[in-house]
Amino acid sequence: MGGALLLALLAAARAGEPNATDLTPDLDLTSDYAPDLTPEPEADEKTPLFPEDLFTEEQRRSGAVLLHVIGMGYMFVALAIVCDEFFVPALDVIIERLAIRDDVAGATFMAAGGSAPELFTSIIGVFVSFDDVGIGTIVGSAVFNILFVIGACALFSRTTLSLTWWPLFRDCTFYSISLIVLIYCFRDSVIYWQEALVLFSLYGAYVMFMRWNQPVERALKKLIYKNKVTRVRSTDQLMPTVSSPAHTLHAHRRGFG
């Protein structure tokens with residue numbers, strides 16, 4: 001009784017939908033003329049534009065996948081050679097010609113070069129595979145760089161690293177603002193061109209801020225350390241030296257002699 005009532009309710013609900021299929025109780029679903037009730041793929045879903053593999057699935061399972069692994073290894077080695085032999089020396093020349101500080105160069109030129117793989121990964125994710133892998137790649141790589149890369153460099157460094165609080169404070173402030181704006185733009189799971197323009201403008205503001213990085217740093221440190229009191233550990237240098245009378249007489253004789 002309950003099952004029949006449930007079927008009746010489902011039939012009534014589907015009858016009110018557009019393009020609904022009439023599911024009457026006397027419909028023979030086992031016949032060859034039964035309607036196909038399998039869900040059709042959504043219209044917005046797109047097929048990825050990746051090129052077809054040269055090998056079949058059976059060939060890949062038989063060992064052809066090793067050729068893909070060898071190709072990936074070759075690309076990693078080529079990327080390492082390009083970065084070490086060409087990219088880093090080119091950045092050194094640009095930094096020397098423009099007279100840019102190391103922390104500013106690392107936050108602009110080096111960061112842009114290091115994020116180039118993420119840029120192309122996002123382009124492929126949007127225009128080729130039609131998925132949202134780019135957002136996770138960008139935000140996740142930032143967390144990886146902040147936690148893992150900095151920790152590994154400090155752990156395996158053979159020299160003492162001289163670090164200051166200003167670059168960390170500056171970059172974390174801009175990074176927090178950018179994440180807040182990104183969350184606001186993703187509130188409806190869609191980014192419009194106005195929101196994309198705002199994101200570009202924020203990065204332009206960050207680059208322009210780097211132009212006045214040193215004056216802002218000096219002004220902020222001067223404001224913070226304005227009322228700083230230097231602690232004196234010993235008062236020996238502030239007290240006059242107590243000398244013996246003979247030593248004083250000898251000093252006067254040398255002065256008048």
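User: Let's begin with the annotation. Where does UniProt place the feature "transmembrane region"?

Analyst: The UniProt record, an unreviewed entry, puts it at residues 104-128, 134-156, 168-186 and 192-212. Keep in mind that such annotations may be inferred rather than shown by experiment.

User: How much of residues 104-128 is helix, and how far apart are the end C-alpha atoms?

Analyst: In the predicted model, that span is 88% helix and 0% strand, and its end C-alpha atoms lie 34 Å apart.

User: Now to pockets. What is the general idea behind finding space in a structure?

Analyst: A probe the size of a water molecule is rolled over the atoms, and this shows where empty space is left. Here, the second largest pocket holds about 280 Å³ of space. Its lining has 13 residues, and those closest to the centre are Ile 100, Arg 101, Val 104, Met 210 and Arg 211.

User: Which helix supplies the largest share of the lining of the second largest pocket?

Analyst: That is α8, with four residues. Both α8 (193-211) and α9 (213-224) supply at least two lining residues each. By residue class, the lining has eight nonpolar, three polar and two charged residues.

User: Let's turn to charges. How many salt bridges does a search of the whole structure find?

Analyst: It finds six. The cut-off to remember is a side-chain nitrogen of Lys or Arg within 4 Å of a carboxyl oxygen of Asp or Glu. One case is Arg 170 with Asp 171, whose closest N and O atoms are 3.0 Å apart.

User: Why are Glu 217 and Lys 221 separated by about one helical turn?

Analyst: Because they are four residues apart in helix α9. Glu 217 is buried at 8% relative accessible area, whereas Lys 221 is partly exposed at 21%. Through shared partners, salt bridges join Arg 101, Glu 217 and Lys 221 into one network. You have already met Arg 101 among the residues closest to the centre of the second largest pocket.

Methods. Residues numbered from 1 in each chain as written. Predicted model: local features only at pLDDT ≥ 70, side-chain atom pairs only at ≥ 80, totals over all residues. Heavy atoms only, no water. 1 Å grid on protein atoms, 1.4 Å probe; cavity = no way out; pocket = protein on both sides within 12 Å on 5 of 7 lines; lining within 4 Å. Points joined across faces, edges and corners; volume = space filled by probe spheres on them. Nonpolar A, V, L, I, M, F, W, Y, C, P; charged D, E, K, R; others polar. Buried < 20%, exposed > 50% of the residue type's maximum accessible area, 1.4 Å probe, protein only.
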